[in-house]
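Hi,

Here is the structure I promised to pass on.

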Amino acid sequence: MVAVNLARFARQPLSVTVVNRGGEPGRGVAYGTSRPEHLLNVAARNMSALPDRPTHFVEWLGTRCDFSDLPVEELRETFVSRRVYGDYVRSLFESSLRPIAEKSDVLVRTVDADVTKLEADAGGGARVRLDRGEALVADAVVIATGHSPPAPFPGAENLSDDGRWWGNPWAEWHRDLPAADGHIVLLGTGLTMVDAVLTLTALKWEGHITAVSRSGGLPLSHFHGAEYPDYLPDGAETLGLTALVGLVEERCARLRAEGRNPCIAVDKLRPHTQRLWRGLSAADRRIFLRDYAARWNIMRHRIAPQVHRTVRDAIESGRLELRSGRIENLVGTEAGLVVGVSGGDGGVFKLTGDRVINCTGPHARFSETGVPLYRTLLESGLASTDELDMGLRAADDFRVIDRDGNPSSWLYAMGPLLKGMLWETIAVPELRGQAHAIARSLLNLPALAPPDEALIEYSI
Ligand SMILES: Cc1cc2nc3c(=O)[nH]c(=O)nc-3n(C[C@H](O)[C@H](O)[C@H](O)COP(=O)(O)OP(=O)(O)OC[C@H]3O[C@@H](n4cnc5c(N)ncnc54)[C@H](O)[C@@H]3O)c2cc1C
């Protein structure tokens with residue numbers, strides 16, 4: 001989307017190269033899924049990729065024959081397949097590849113390669129090293145590499161050749177399922193686990209599934225929202241974690257007492273979350289991650305009602321069991337892959353699976369991901385991690401901050417890489433604004449005023 005916005009707004013000759021490892025640019029992990037049952041977890045009305053055109057995605061959907069019969073009000077509330085959203089981003093990207101007559105000197109091209117290293121060039125700008133040996137020269141570089149791979153578990157290093165272990169939940173594990181009396185263990189009970197259960201259900205696999213995580217909690221369902229006033233006092237970012245938690249919990253209790261959904265209190269924080277997070281001390285952020293993040297994820301990262309129903313049906317029919325506990329290790333045995341779990345609903349226990357899939361989400365420690373690009377960036381001092389080592393440190397204008405604390409003159413980062421800086425930075429409503437702002441900054445154009453807040457609705 002940075003490339004799309006560069007092509008939209010450039011008024012001078014410009015060359016943009018999108019380096020993307022494998023697959024079509026524009027899809028990534030989320031929208032490159034091969035499975036049609038994987039739905040967006042945000043209603044169509046809030047999925048425009050262009051912050052200055054909030055209804056763009058709904059308009060685009062309306063041009064497709066499979067959606068054109070739906071009244072626009074219904075279309076706005078639909079949770080479409082992530083594959084369809086990939087088509088949307090792809091179509092936007094394709095349009096940026098075609099120079100329009102009056103902009104024939106704005107060229108966007110793609111290179112299929114892995115970026116392994118960035119180096120500062122003596123004359124300003126950068127050298128972008130690719131895995132296949134060549135290097136690109138650039139005046140500016142934007143790192144938009146998405147989520148880090150999941151953290152490995154002790155014992156997983158011995159399972160690299162074991163077909164029963166799937167460390168990458170986005171690989172095609174569903175092509176080789178165990179027999180119908182088999183057992184699949186899912187590590188994690190969040191959105192990735194939900195995707196796996198949807199696929200097993202769509203394929204009518206009849207075996208038993210156990211999903212385990214520290215909380216053992218299933219993401220909640222979206223619901224049709226109601227009017228609710230903004231309740232944060234002025235200066236809420238200075239209150240500190242204890243007072244903020246008190247405020248939110250008090251709202252949740254009030255909503256429950258009124259017979260309303262307490263998630264409304266969390267939804268109302270959405271436009272303020274980045275500001276609140278920035279205002280917390282490092283110690284408060286650590287406490288939040290330890291004590292509240294699991295609850296936050298369940299309430300904030302909700303799923304489409306029909307998806308929630310499918311997962312609940314699996315639980316009620318006994319096909320899916322949710323367990324709580326800390327995943328300790330993995331051991332391959334003849335009988336299956338054994339997952340050691342401690343401190344949960346069953347004390348210390350073991351789960352033996354014919355397949356075990358890692359659904360625990362991105363690695364929590366950025367410096368330990370082992371990704372060559374990140375390792376070399378940190379080693380060279382061109383970048384540094386945030387205080388909690390969740391991602392890269394960046395200034396308010398998305399310039400990466402180097403080891404000495406200086407914002408880079410040519411390197412920008414966005415999206416999930418900034419989770420430690422912003423917390424709320426992984427979903428389209430935030431990404432579209434970041435891509436737009438970075439593109440305009442690269443073109444030395446003023447940032448556009450944010451669109452009418454009334455158009456940005458956070459709950460459904
Ligand atoms: C399963 C899933 C479902 C989601 N569903 C939603 C949703 O419904 N609504 C929503 O708003 N958000 C959703 N999200 C959030 C999602 O993260 C963002 O919407 C978006 O996909 C992130 O975009 P990105 O460009 O930052 O990263 P990605 O889309 O992951 O793209 C990163 C790209 O960089 C490439 N890459 C990485 N490293 C290198 C390298 N070293 N060299 C070359 N190329 C590299 C990757 O191959 C990939 O193509 C979902 C996320 C996931 C994982």
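**What I found**

Strand β6 (residues 141-143) and β16 pair in the parallel sense, joined by three bridges. Before going on, bear in mind that this is a predicted model, where local features need pLDDT of at least 70 and side-chain atom pairs count only at pLDDT 80 or more, while totals for chains, interfaces and linings use all residues. Residues are numbered from 1 along each chain as its sequence is written, and side-chain values use heavy atoms, with hydrogens and water left out.

A word on terms: helices (H or I, at least four residues) and strands (E, at least two) are DSSP runs, numbered from the N terminus. Two strands pair if DSSP finds at least two bridges between them.

Back to β16. Across from Ala413 in β16 you'll find Ile143. Strand β15 (residues 399-401) is also a partner of β16, this time antiparallel and over two bridges. There, Ile401 has Pro407 of β16 as its bridge partner. β15 and β16 make a hairpin with five residues between them, and Gly405 in the turn has a positive phi of about 90°. Is β16 enclosed or open? Five of the seven residues of β16 (residues 407-413) are buried, so the strand is largely enclosed by the rest of the structure. (Buried means under 20% relative accessible area, exposed over 50%, partly exposed in between, with a 1.4 Å probe and protein chains only.)

Next, have a look at the open sheet of three strands, which has the order β11-β12-β13 and antiparallel pairing. β11 (326-332) and β13 (347-353) are at the edges with a single partner strand each, so one side of each has no neighbour in the sheet. On average, neighbouring strands here are turned by 20° against each other, direction ignored. β11 and β12 (residues 337-344) run antiparallel and are joined by six bridges. Ile327 stands opposite Val341 in β12.

Now the helices. Axes are lines fitted to C-alpha atoms, for helices over the stretch in contact, and angles run from 0 to 180 degrees between N-to-C directions. Helix α1 (residues 2-9) and helix α14 (residues 428-442) have axes that come within 8 Å and cross at roughly 45°. α1 and α14 are therefore oblique to each other (under 35 degrees counts as roughly parallel, over 145 as roughly antiparallel, 65 to 115 as roughly perpendicular and the rest as oblique). Their crossing is right-handed; that is the clockwise case, while a crossing is left-handed if the near helix is turned anticlockwise from the far one by less than a right angle.

α1 also packs against helix α5 (residues 82-97) at an angle of about 45°, with the axes 9 Å apart. The crossing of α1 and α5 is left-handed. Ala3, Val4 and Ala7 of α1 make the contact with Leu92, Phe93 and Ser96 of α5, where contact means heavy atoms within 4.5 Å.

Thr273 is buried, with a relative accessible area of 6%. Leaving out residues up to four places away in sequence, Thr273 touches Trp296, Trp423 and Glu424.
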